[in-house]
Amino acid sequence: MIQHYLKITFRNLVKYKLQSIISIMGLEVGIAVFIFSFYWLHNETSYHNFYPASNRTFLVCNQAETSHSIYLSPVMSTFIREYCPEVEDITCSFEDSGIDYSVNDKIIKSPAFLLVDKSFMNIFPQKILYGTLPRLENELIISETLARQFWKTPQEALGSILRQQGSRGIHLADPQQLRIVGIMADSPSNSSFHYTGYRIMKQFKYDINNEQEWRFANAIIHVMLRKNQKHKDFTQHLKSLLEKHKMTPEELKIKITPIYKKHFDFASEKSFSYSFISTFTIATFLLLCCVLFNFLNLFLNRYYQRTREVKLRKSVGANDIILMKQLMTEALFHGLMACLISGCLIEVLTPFFEEIFQISIQKNTLWLEYLAIAFISLSCIGIILTVPIIQFIQVSTKQSLVNKVRPHRHHIFRRISLSLQLVICLFFLTSTGVLYMQLRFIHNVDVGFDTQNIIEMRINPREQNGNDMLEEIKQLPMIKATTTASDYIVCKNITSFEERVEWNGQTEEDKKSRFARLALQNSGDKIFNFRLIEGRLFREEDWVTNSNTPRNIFNSPILNKIILTQSAVTAMRIEHPIGEIIRIPIGIFRKGDLEWHYSDYEIIGVVKDLYSQGMKTEVYPTIISQAHNWMQSINYFQVVPGTERNAIKAINELAQKHQWEYNEYNTEPQTVDNKIQELNKSEIAIFKLFSILSFLCILISLFGIYSISSSIITQRQKEIAIRKVMGATISEIIIMFFQEYIALVFVAAIIAFPCSYYAMSIWLEQYAYHVNISIDLFIIILNIVTILVLFTILHQVIKTARQNPAEVIKSE
């Protein structure tokens, strides 16, 4: 019997080849894309799930607007341990960066070691391949990769002594020696702990009542809550305790982050955000729904075309169950073909998506998810088609064999399915339109400084032979001017701030204000071409010092001219800022106490705000000051227009010549324009994604509409002929069909537009500066979709309306 079902299935596949190709291709693309997006989301949200208590483990971090940081004062761990009984265990660790180690006449340059306490191994147990876990101070376990890099076999590394050596100009007064006691497995790809070693550190006692200890934020703190404890309750409890504790800094804003989201919250500019990955998954799911509706709609349309066949089978003895098995076999067979072809697509496209997602795809996990999603898709096809098939069989068998059923009276499901497809299409198109408007706004906004023809590179002159290389870079023919800065001009998080700034007319509330500080060496203001509002920029005489130049507490000359941004002037509420004096302090520790020593600075100019962090963050009040005799490592090179690539190539050649190693402290050269693009990476990617999905969605839907409308118009030929005999004109017949499809588009718009407006309004809320969604966008999208739908059915409607009614009625 199954052979008979399959034989008929193949015949109908060939007979209705256009509908079959459209349905199978659409479904296979939808399944393949959704599987990749689902795998990506599952991979990114499964970080650290291999630890036994991962669902109860959280990172304690600082979410302050001015210092969103993974680092806190180590005194926080003592505070939590003492006042939070809902915490089962807590670990405090420190990054051991900037230090080289020597072993067997070899130098291990700045290995990524983490100083941990004993609780760390309880919360984050490591898989030990050889040796044991570290238990004593200065005992160390290293990764298998590091062991194989410096020893012939990992076992040979056991018992070796690593001796500390200073690097990057750092002198170690008391270099330590570490003993390797174990070799651990490398961290999995879905882990944010990509350290090459863990060493046990000396335990210190911290005083929670010492205000100064709270200000040293250099520790990474993780907590493991007791079972049945909710992290939201713990967060509220900890915040209330800190509010009562008067020693904590005012800028401290505690956030408790699940460890699976840790890599999202503190990702680099080049990483994809959690919102982007989840949006991508939802978008591909909507595409899958669209192609699934299209698949079901085409099959129902095909069923109504086979009404006479069903009656004939019924007349020769086939019962309802046999007919249902036959029709269901055809649908599931087509669905199975789509799933199999999507599997081939997955195999071919895996390297492409690995490069796009920047992850290593585990084939076993991917294929398991493929099987699960394919099974769910086939189940949905079977379940959804059950009721329409039963209804179709019952309606078909009630009609006489001679008289045809009027299928156009029974295609409510098809109309609903078409409407849902159009809802998804309108949603994608509207969302794409909002994304385009926001990206255009971001691209056209004046960030307050020049970004073109400027190369950024971090070079520490004290390390390696950085000063020599820096001097050679300055001599390159394409370099016009150079400067250094205290902070990146474009960055995700500002790191340089000034507190306790004083000015005339300051209130008690004003004393809590914080200002970003950008210290530039000579020519910096000219290179970035800040947009002057009033006053002036720095002049040559501002950089000249003599015996009369004011000096600070260190007896160093002060270059006391500063420029404020608009928001800084607004924050200070200074009506006429030019010539006003503000006082900026320097903090010095003496005998355990922090002393503040103030110096006077004159405001010489006001410039437009600097959008250094992109459009997602409100501009920060900024003080632009002069830097003199300050060993800064963030270098900016202004190049001749059009020579950026040649300049970067020349700089890289000089780096090879000087055997310069790029790392997190000495970054590769890149243009400031490129950094701006990196800040908007997720937005650009989402726009491209929605553009592609919108195109696929509208294309598949139009193919489906064409196929279904062709079938429906053919079935209604007799109705059209009768209408023409009764006096209907061709234009009236065309308008009749247009009205039906325009009604579908408008019904879809009533559902899609509010949903897209709500979704995109929420998406825009992440921006401090964004466009407003206007009604013009919805009108344009509605007109475009309406025109496309009408254009799709136009040829068929005109062809049918022009037929001779006598010939049509005669053939019937």
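Tutor: Start with one term. A crossing of two helices is right-handed if the near helix is turned clockwise from the far one by less than a right angle, and left-handed if it is turned anticlockwise. Keep in mind that this is a predicted model.

Now look at helix α22, residues 730-764, and helix α23, residues 775-801. Their axes lie 9 Å apart. The angle between them is about 150°. Angles over 145 degrees count as roughly antiparallel. So α22 is roughly antiparallel to α23. The crossing of α22 with α23 is right-handed. What residue classes make up this contact? Nonpolar residues number 23. Two residues are polar, and no charged residue takes part.

One cysteine belongs to the stretch numbered for α22: residue 755 falls within 730-764. Cys755 has a relative accessibility of 41%, so it counts as partly exposed. The cut-offs here are under 20% for buried and over 50% for exposed.

Where does Glu807 stand relative to Lys718? The two are 89 residues apart along the chain, and their C-alpha atoms are separated by 9.9 Å.

Helix α15 covers residues 466-474, and helix α18 covers residues 644-657. They pack at an angle of about 150°, with axes 10 Å apart. That angle makes α15 roughly antiparallel to α18. The crossing of α15 with α18 is right-handed.

Cys289 is buried, because its relative accessible area is 19%.

Next, the strands. Strand β14 covers residues 479-485. Of its seven residues, five are buried, so β14 is largely enclosed by the rest of the structure. Its partner is strand β23, residues 634-639. Six bridges join β14 to β23, and the two run antiparallel. Ala485 faces Ile634 in β23.

Strand β3 covers residues 99-103, and β4 covers 106-108. Is β3 enclosed or open to the outside? Five of its five residues are buried, so β3 is largely enclosed by the rest of the structure. Ile99, Tyr101 and Val103 point one way from β3. Asp100 and Ser102 point the other way. All of these are buried.

β3 and β4 pair in the antiparallel sense, over three bridges. In one of these pairings, Ser102 has Ile107 in β4 as its bridge partner. Two residues lie between the strands of the hairpin.

What of the loop between β3 and β4? Asn104 lies in that loop. Its phi is positive, at about 50°. Asn104 has a relative accessibility of 53%, so it counts as exposed. Its C-alpha atom is 8.7 Å from that of Ser160, which is 56 residues away along the chain. Asp105 also lies in the loop between β3 and β4. It has a positive phi of about 65°, although it is not a glycine. Asp105 is exposed, because its relative accessible area is 86%.

Asn453 is another non-glycine with a positive phi, of about 65°. It lies in the loop between α14, residues 412-444, and β13, residues 454-458.

Technical notes:
Residues numbered from 1 in each chain as written. Predicted model: local features only at pLDDT ≥ 70, side-chain atom pairs only at ≥ 80, totals over all residues. Heavy atoms only, no water. Axes fitted to C-alpha atoms, helices over the stretch in contact; angles between N-to-C directions. Helix = DSSP H or I, 4+ residues; strand = E, 2+ residues; numbered from the N terminus. Parallel < 35°, antiparallel > 145°, perpendicular 65-115°, else oblique. Nonpolar A, V, L, I, M, F, W, Y, C, P; charged D, E, K, R; others polar. Buried < 20%, exposed > 50% of the residue type's maximum accessible area, 1.4 Å probe, protein only. Pairing = 2+ DSSP bridges.
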